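Open the model in your viewer and keep the selection tool at hand. The stops below say what to select and what is there.

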Amino acid sequence: MHDIRIVLVNTSHTGNIGSAARAMKTMCLDSLYLVDPVSEPDGHASAMAAGATDVLAKAKTVATLEEAIADCGLVVGTSARDRSLSWPMLGPRECGAKIASEARNYPVALVFGRENSGLTNDELQQCHFHVNIPANPDYSSLNLAAAVQTLSYEVRMALLSETEIPNEETEYPLAEDLERFYSHLEQTLKKTNFIIEKHPGMVMSKLRRLFNRARPESTELNILRGILTSVDKSINGESR
């Protein structure tokens, strides 16, 4: 349970942070990360947290989403609407089962965006999967705590039924390893002029989607990094 973290990005109202902490505790989750909150938790947050002030007290505040998920092997971002670039999607129940299964192997993160606008496309591209709560299409506005409660419930139900969850034995790279790979890939593609620096277009966004959809294992990512290194050496005229 301690390796399942709830990440709130740029939350505007401290009361929502407190309410989210309360929603977490009712489902036995206690790892809360706050990414660049507009205001640090205060008395209003504590009041809304009710009996979950312990979750609030040990919440970790970081500057960026990248920092919050760096050591995570699975990152799922909540998305309330279709994006111009489609991404691998999970339903809430499937999301709960996947998080419960993979938390056995490494920290996992469930990421929630701003109250009024959600997560940016750049933030969503740091996630392996997106999850959407299929609310009333005529009134789909869920407040932050309600969204946290809904998905935390699915995680809780999956954990209570963990004998039915297949054990995920595959070793996947952590988020920080993937970011290093994406950085390496971009730099190599610029060297080959596949990406024109002044006009990069959507190449890296689409490649991120491709690799997130394929979800390479750690050994596969190492092979990809080796391929990029061999290309770099060829460009620089080095012998292998």
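Helices (H or I, at least four residues) and strands (E, at least two) are DSSP runs, numbered from the N terminus. Residues are numbered from 1 along each chain as its sequence is written. This is a predicted model, in which local features need pLDDT of at least 70 and side-chain atom pairs count only at pLDDT 80 or more, while totals for chains, interfaces and linings use all residues; side-chain values use heavy atoms, with hydrogens and water left out.

Select residues 92–102 to show helix α5, where Glu102 is found. Glu102 is buried, at 1% relative accessibility (buried means under 20% relative accessible area, exposed over 50%, partly exposed in between, with a 1.4 Å probe and protein chains only).

Next, select the open sheet of seven strands, which run in the order β3-β2-β1-β6-β4-β7-β5 with parallel pairing. Its edge strands, β3 (60–62) and β5 (89–90), each pair on one side only. Two strands pair if DSSP finds at least two bridges between them. Zoom in on β2 (residues 31–35), which pairs with β3 in the parallel sense over three bridges. Leu34 stands opposite Thr61 in β3.

Finally, select Leu228 in helix α10 (residues 218–235). Leu228 is buried, with a relative accessible area of 8%.
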